[in-house]
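Visitor: Please show me the model. Then let us go through it by question and answer.

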Amino acid sequence: MKTLIIEDEPHSASKLVEMLTKLKPGSTIVGIIPSVTEPVQYFNSHVMPDPILMDINLSDGICFSIF
């Protein structure tokens with residue numbers, strides 16, 4: 001399972017990574033993106049990850065504007 005995390009708080013992002021690796025040891029974190037603008041670039045140049053874990057309120061906007 002390849003997971004992308006969109007989270008602007010480093011502590012929260014690391015906790016998500018920790019929980020995910022405990023729950024699903026074979027999973028891979030393909031990236032941690034801290035903004036609304038970067039995921040659009042990521043999706044244009046990478047294969048879509050299996051799940052995407054997102055914080056709703058990011059420092060530069062709301063995550064729903066990504067889609």
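Visitor: Which residues make up the largest nonpolar core?

Guide: This is a predicted model, where local features need pLDDT of at least 70, side-chain atom pairs count only at pLDDT 80 or more, and totals for chains, interfaces and linings use all residues. Residues are numbered from 1 along each chain as its sequence is written, and side-chain values use heavy atoms, with hydrogens and water left out. A nonpolar core is a set of buried Ala, Val, Leu, Ile, Met, Phe, Trp, Tyr and Cys residues joined through side-chain atoms within 4.5 Å. Its 9 members here are L4, I6, I33, V36, Y42, F43, L58, C63 and I66.

Visitor: Which elements each supply at least two residues of this core?

Guide: Helices (H or I, at least four residues) and strands (E, at least two) are DSSP runs, numbered from the N terminus. At least two core residues come from each of β1 and α2.

Visitor: Which residues of helix α2 are buried, and which are exposed?

Guide: Buried means under 20% relative accessible area, exposed over 50%, and partly exposed in between (1.4 Å probe, protein chains only). In α2, residues 37-45, the buried ones are P39, Y42 and F43. Seen down the axis, they fall within an arc of 95 degrees (taken from the directions from the helix axis to the C-beta atoms), so they line one face of the helix. On the other side, the exposed residues are T37, Q41, N44 and S45.

Visitor: Which strands do the buried residues of α2 pack against?

Guide: Contact means heavy atoms within 4.5 Å. The partners are β1 (2-6), β2 (28-33) and β3 (52-54).

Visitor: What is the strand order of the open sheet, and which are its edge strands?

Guide: Two strands pair if DSSP finds at least two bridges between them. The 3 strands pair in parallel, in the order β2-β1-β3. Pairing on one side only marks the edge strands, β2 and β3.

Visitor: How many bridges join β1 to β3, and which residue stands opposite L4?

Guide: The two strands run parallel, and 3 bridges join them.

Visitor: Is D55 buried or exposed, and what does D55 touch?

Guide: D55 sits in the loop between β3 and β4 (57-58). Its relative accessible area is 19%, so D55 is buried. Leaving out residues up to four places away in sequence, D55 touches I6, E7, D8 and C63.
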